[in-house]
Structure formats: C-alpha cells, structure tokens
Amino acid sequence: MFDPKLYSRNPDVAWRLIEGQAVLVHNREGEIEVLNELGSYLWGHAGEPLDGLAGNISQDFDVTKEQALQDSEEFYQALVASGALQPVKGK
Amino acid sequence: MATTLEELFAKATRNSHPIFAMFELTYQCNFACRHCYNPIERKNQARVGKKPVPSAAPLAFEEIVSLLDQLEEMGVLYLSLTGGEPLTHPRFWDILEAAKERGFALRIFTNGALIAPSIADRLNEIGPHCLEISIHGATDSTAEALSQVKGSHQSMLRALGYLKDRGLRVYLKCTVTRLNEGELEGIKAISDSFGFPVFFDPVITLSDDGQEYPLEMRASDEGIAKLYRSDGLNIGNSPFEWEPGELSCTVGAGTLHITPYGDVQPCIQWKQSAGNIREKPLREIWSASPILEEARRVAREMPVLIKNGTRDHAFCRHCPGLSLLRYGDPRRLEEQYLRVARIKAEVSQSEAAAKPE
C-alpha cells in the first residue's frame, strides 16, 4: 500500500499548473511531464491521505472509490519511479 | 486526448499566461563584447551616444524576492537569469537559491568566465535547469577579439569542462559575426567535444539605447548560408524556440522581462517599460498595460505581417522588439531577418535544383 506521508515532491522538479494541467520539469534529467486533469489533481495534493483523495476523485470523475484508490496508488508509484516524488528524509 | 507540451503552451499563450520570464540581474559585465546590446559596458570601445544613466537604484535583494514571489504566483515556469553577467551580481547565490525554492526551472545565461570548480560545485548543488553559455569563436584570438578580454576563450572552455564533469546541462550559443563566421565548424567541433549542443544566431541586435554600432559585426551572406546548407551546420532550434507559428514569438503573452531596475518589458528586445514593480504589483502591470496589449496584438498579427512582408515568408522570422528599436515600428520586418530569409530561400532553391530527378 502506498503511504503518501513517506513521499514528497522532489525539489529538483520544477512545476507549475498551466491551463489546469501540471507541467513537471525534471531539472537534472531534462525530462518534461505533462499530467492530465486527474494526474494534476493528485500531484497538487501529493502527501495527503489517499482515502480522502480517492473519495473526491470518485465524486468528480464518476468512478468507484475502490477504482480511484487503485488508480491513485498506481499514479503515485509511477511518480516515484520517475523521480518526481521522493522519499521523505528521515522516514 | 493527451495534450502535448506545445499545445498546452500555445493555449496558455493565447490566454496570456506567462510561462517564460527573463530577469536581468545586472548590466555589469566582465566582458565588453563588440556585438553586445548592453550599452553600459563599452570598455575599450568608443561610446556612441551618451552612457545611459539609470534613473533609480537596482532592485534590492528584498525587492527581488518579492518579484520572485510574484512570478511564482503568476505561474511562470521557466525563469532565465541574465545580465550583463549574472554571476557578477553581489547576491547572485542568494537570488539563485530563492528562485530554486520557488520552483522555477532556472536558466542561467553566462559567459562562463567566472565558473571555477567551486562555482560549478555550488551550481550543481542548487541544480538549475540549464546554463546557456556564449561561445564567440573556435580560437583564442577570435573569441578575444569579440569579448575584448584576454583569456576569455580559455576560461570559458575550462568552465565547460567543470560543468560537464558535474553533469550539468549546458547549451552553447553563438552569435554569428564577421569575425567568427570562418570558425563555425570549429565551434561546432568544440561543442561536440563536450557533448553540449550549440545554437547559432545570425541576427545581431541594436544596443539597448537604439544605437546601430553592434551591426558592424554582421556576418557575410556566405557566413550565414553555411548555417543552413544540408552539408553545412544545418542548425536546428534551441529547446526554447519554436518553428514559425503560434509559439515562435510569445512576446507579452507567454513571455515577460524584468530589468535590473524593476521595469517590466514585453521581452528583452521590446524595450518599452510597461510599468515598474516598485510602483505596481506585477500582475496588475501584466493585465492592464497598453504596451503589453500592443505587444500581444503584434504577436497575433505576426503570421500575416510576415506573409505580406516578404516573398521569402516561408523562411522568415520576425522580432517586433528589434523592429521597434530600429524603426520605431514593431510591425515592420527587420532587415536582418529579411536577409536571413532570403539566404535560406536561396540555399533551399539551390539544393532543390541540385537534387537528381
């Protein structure tokens, strides 16, 4: 189970919300990621409890809470893999 | 449907969301380049016109921090720190760290001469998105003839080595002049040896105070043609340039510029002040300035201006800021861009004619 408290946004990743979509610039690697609406929502709330986020997503995106939870976990794991999220120091 | 970065930036530009900002930290420079637009430093050169005297003190560090806060709040993603030579600013590191804390993708425009190993270490700790370094020649004599500083080329080469060793991203930028046009292949070889891309620009800008002396350095037709031949250097766009179209010039819409004195301009070339951050919040200037509104209008008209302005329109770019500075008319195509378009068209035609049927 992904624990959002253990991860924070990587300070080496510059990002802004542009026209409702998060644009992530990995300064060290040079990669750029453009997140979709759902991904931008999750990125904007990184570090917050998944349960609450999944509840909001299930309401706003017309999916079950279980599905929202699974999608959110997968999304955050992908951000960990890309280096956009990193382990919180000391945890 | 997935949105590409280019589509997103185009949409943002249409909605006047500034994605790119350029901040001139200082006009002070340790070089005195003969083709430079900065009229403050004219070491070893006859001054044309009066030395510009700023009407106010440069922004204090606290004012700069406030500016960074405002740029962040407005959603600026890429922030370029330039000059003059930005590393000569006495609070350069404080500014860089404050900017990093605010989540910008930082571009540092420098001549590289001040980058010693300890400086490269510190840059690496902070982690800017890239450094964009001017390269003036392939030989000491040519580079020094342009920079007017003994040892400038070697100090820049050493800096490239330090930055490469630390894995920092570097883009080299070369303004093509009559002094270095014979060394472009050598410049490319240097960039290849470090594994850094180089981008050539054959357009020289007037001095910021509208003097034409930098144009004395313009390259020849043949020097420019070399850039565009398929067996020549065949240059591409830098990662921050787009082909003609919606994003080729985002002046006053996707781009803004701040001088060391807090004046907000549509871009580095469009020299009119839209307001000063000491007098009004940046967002208010951005949303209400007639100068910025005019810049946006000109940018929107650009495809038509180019189409109607030259038969070589398919190859032509336009810089309304340079046109404004040179002719007082941002809609008039500038002579150097027309010349480059003509040369590109000629190269294209001669290469098409030489192709076997």
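Guide: In this predicted model, strand S3 of chain A, residues 21–26, is joined to S2(A) by 6 bridges, and the two strands run antiparallel. One of the residue pairs can be picked out by name: A:Arg16 has A:Val23 in S3(A) as its bridge partner. Strands of a sheet pair through backbone hydrogen bonds, either parallel or antiparallel.

The pair belongs to an open sheet of 3 strands in chain A, in the order S2-S3-S4, with antiparallel pairing. Strand S2 (13–18) and strand S4 (32–34) of chain A are the edge strands, each pairing on one side only. On average, neighbouring strands of this sheet are turned by 15 degrees against each other, direction ignored. A helix lies on the sheet as well: helix H1 of chain A, residues 37–44, packs there and touches S2 and S3 of chain A. The direction of H1 makes about 65 degrees with that of S3(A).

Now step back to chain A as a whole. Chain A has 3 helices and 5 strands. Read from the N terminus on, its elements run β-β-β-β-α-α-α-β. The radius of gyration of chain A is 13 Å, close to the 12 Å that the globule rule gives for 91 residues, so chain A is as compact as a globular protein of that length. Its C-alpha trace spans about 35 × 35 × 15 Å along the principal axes. Of the 91 residues of chain A, 31% count as buried. Taking the contacts in chain A between residues at least 6 apart in sequence, 43% join residues at least 24 apart.

Chain A also touches chain B. In this interface, 17 residues of chain B are in contact with 15 residues of chain A. On the side of chain B, the largest share comes from helix H1 (residues 5–14) of chain B, with 4 residues. By class, that side of chain B has 8 nonpolar, 7 polar and 2 charged residues.

In chain B, 9 strands form an open sheet in the order S6-S5-S4-S3-S2-S1-S7-S8-S9, and the pairing is mixed. The edge strands are strand S6 (198–201) and strand S9 (275–276) of chain B, each pairing on one side only.

Start from the S6 end of that order. S5(B) and S6(B) pair in the parallel sense over 4 bridges. Within that pairing, B:Cys174 has B:Phe200 in S6(B) as its bridge partner. Strand S4 (residues 130–134) of chain B and strand S5 (residues 170–175) of chain B also pair in the parallel sense, over 4 bridges. There, B:Glu132 has B:Tyr171 in S5(B) as its bridge partner. Helix H7 (residues 184–194) of chain B lies across S5 and S6 of chain B, and runs at about 155 degrees to S6(B).

The loop between S4 and H5 of chain B holds B:His136. Is B:His136 buried or exposed? With 26 C-beta neighbours inside 10 Å, B:His136 counts as buried, because the cut-off for a buried residue is 20 or more other C-beta atoms within 10 Å. Leaving out residues up to four places away in sequence, B:His136 touches B:Thr142, B:Ala143, B:Leu146, B:Ser147 and B:Asn180. B:His136 and B:Ile187 are 51 residues apart in sequence, yet 8.2 Å apart in space, C-alpha to C-alpha.

Helix H5 is the next stop. Helix H5 (residues 140–147) of chain B packs with helix H6 (residues 152–165) of chain B at an angle of about 105 degrees, and their axes are 7 Å apart. H5(B) and H6(B) are therefore roughly perpendicular to each other. From H5(B), the contact is made by B:Asp140, B:Ala143, B:Glu144 and B:Ser147, and from H6(B) by B:Ser152, B:His153 and B:Gln154. By class, the residues of this contact are 1 nonpolar, 4 polar and 2 charged.

Conventions. Residues are numbered from 1 along each chain as its sequence is written. Chains are lettered from A and ligands numbered from 1 in the order in which they are written. This is a predicted model: local features need pLDDT of at least 70, side-chain atom pairs count only at pLDDT 80 or more; totals for chains, interfaces and linings use all residues. Two residues are in contact if their C-beta atoms, placed from the backbone, lie within 7 Å. Ala, Val, Leu, Ile, Met, Phe, Trp, Tyr, Cys and Pro count as nonpolar, Asp, Glu, Lys and Arg as charged, and the others, Gly among them, as polar. Axes are lines fitted to C-alpha atoms, for helices over the stretch in contact, and angles run from 0 to 180 degrees between N-to-C directions. Angles under 35 degrees count as roughly parallel, over 145 as roughly antiparallel, 65 to 115 as roughly perpendicular and the rest as oblique. Two strands pair if DSSP finds at least two bridges between them. The radius of gyration is taken over C-alpha atoms; the globule rule is 2.2 Å times the number of residues to the power 0.38. A residue is buried if 20 or more other C-beta atoms lie within 10 Å of its own, exposed if 12 or fewer, and partly exposed in between; C-beta atoms are placed from the backbone.
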